[in-house]
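Keep the viewer open and turn the model as you read.

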Amino acid sequence: MKTYTITVNGNVYDVTVEEGEGAAVAAAPASAAAPKAAPAPKKAPAAAPKAAPAAGGAAGSVKVTASVPGKVLSLEAKVGDAVKRGQNLIILEAMKMEIPVVAPQDGTVASMDVAVGQSVENGDVLASLN
């Protein structure tokens with residue numbers, strides 16, 4: 001058996017994986033530790049956004065950032081749209097998976113700082129909300 005410590009959304013889990021012959025491999029959480037602060041601090045991107053903000057150019061107070069490096073597959077909202085917490089704003093493609101980027105809170109889309117087909121890195125600002 002091997003034990004791994006895995007962090008998911010800031011929550012730390014100890015996972016024990018039993019190795020055996022054949023296709024049956026079991027994974028079970030050994031214990032769920034209390035949530036800890038994420039090891040990597042959130043940082044602002046060093047460079048300006050690669051795509052120009054949409055008309056109006058006023059950035060919102062809430063920045064929406066990429067949680068993984070990938071490519072922008074689609075924009076699910078546009079500037080001026082009222083959005084609810086958890087609503088899809090952007091769909092990223094990473095490792096052949098579609099990963100939704102959702103609104104962290106209710107608000108209005110102030111800017112969409114990426115374009116379809118653009119590559120983004122972890123932490124890049126994708127959009128902003130007011």
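Which residues form a nonpolar patch on the surface? Tyr-4, Ile-6, Val-8 and Tyr-13 do, with about 330 Å² of accessible area together. A patch here is built from residues with over 30% relative accessible area and no salt bridge, where nonpolar side chains (Val, Leu, Ile, Met, Phe, Trp, Tyr) are joined within 5 Å and like charges within 9 Å. Areas come from the Shrake-Rupley method with a 1.4 Å probe, and for residues only the protein chains shown count as cover.

Before going on, a word on what you're looking at: this is a predicted model, in which local features need pLDDT of at least 70 and side-chain atom pairs count only at pLDDT 80 or more, while totals for chains, interfaces and linings use all residues. Residues are numbered from 1 along each chain as its sequence is written, and side-chain values use heavy atoms, with hydrogens and water left out.

Back to the patch. Strand β1 (residues 2-8) gives the largest share of it, 3 residues. Strands, like helices, are DSSP runs numbered from the N terminus: at least two residues of E for a strand, at least four of H or I for a helix. Val-8 sits in β1 and is partly exposed, with a relative accessible area of 41%. On this scale, buried means under 20% relative accessible area, exposed means over 50%, and partly exposed lies in between (1.4 Å probe, protein chains only). Move on to Asn-9, in the loop between β1 and β2 (11-18). Asn-9 has a positive phi of about 50 degrees even though it isn't a glycine, and at 78% relative accessibility it counts as exposed.

Now zoom out. What does the secondary structure of the chain come to? The tally is 0 helices and 11 strands. Of the 130 residues in the chain, 29% are buried. The chain exposes about 8400 Å², with carbon and sulfur atoms supplying 57% of that. Take the contacts (heavy atoms within 4.5 Å) between residues at least 6 apart in sequence: 52% of them join residues at least 24 apart.

Next, find the open sheet of 4 strands, ordered β8-β7-β5-β10 and paired antiparallel. Two strands count as paired if DSSP finds at least two bridges between them. The edges are β8 (97-102) and β10 (119-120), each pairing on one side only. Strand β5 (residues 70-75) is joined to β10 by 2 bridges and to β7 by 4 bridges. Lys-71 is a handy landmark: its bridge partner in β10 is Ser-119, and its partner in β7 is Glu-93.

Follow β7 across to β8 and you'll count 6 bridges, again antiparallel. Here Ala-94 stands opposite Met-97 in β8. The hairpin of these two strands has 2 residues between them, and one of its features is that Met-95 takes a positive phi near 50 degrees. Met-95 is exposed, with a relative accessible area of 75%.

Why is strand β7 (residues 88-94) largely enclosed by the rest of the structure? Because 5 of its 7 residues are buried. In soluble globular proteins, nonpolar side chains tend to be buried together. The largest nonpolar core in this model has 18 residues, and those with the most contacts inside it are Leu-89, Ile-90, Leu-92, Leu-126 and Leu-129. The elements that give two or more residues to this core are β4 (62-65), β7, β9 (107-112) and β11 (125-129). Such a core is a set of buried Ala, Val, Leu, Ile, Met, Phe, Trp, Tyr and Cys residues joined through side-chain atoms within 4.5 Å.

One last stop is about charge. Side chains of opposite charge can pair when their charged atoms come close. The structure holds 1 salt bridge, meaning a side-chain nitrogen of Lys or Arg within 4 Å of a carboxyl oxygen of Asp or Glu. The side chains of Lys-78 and Asp-81 meet in it, at 3.4 Å from N to O. Lys-78 counts as exposed at 54% relative accessibility, whereas Asp-81 is partly exposed at 23%.
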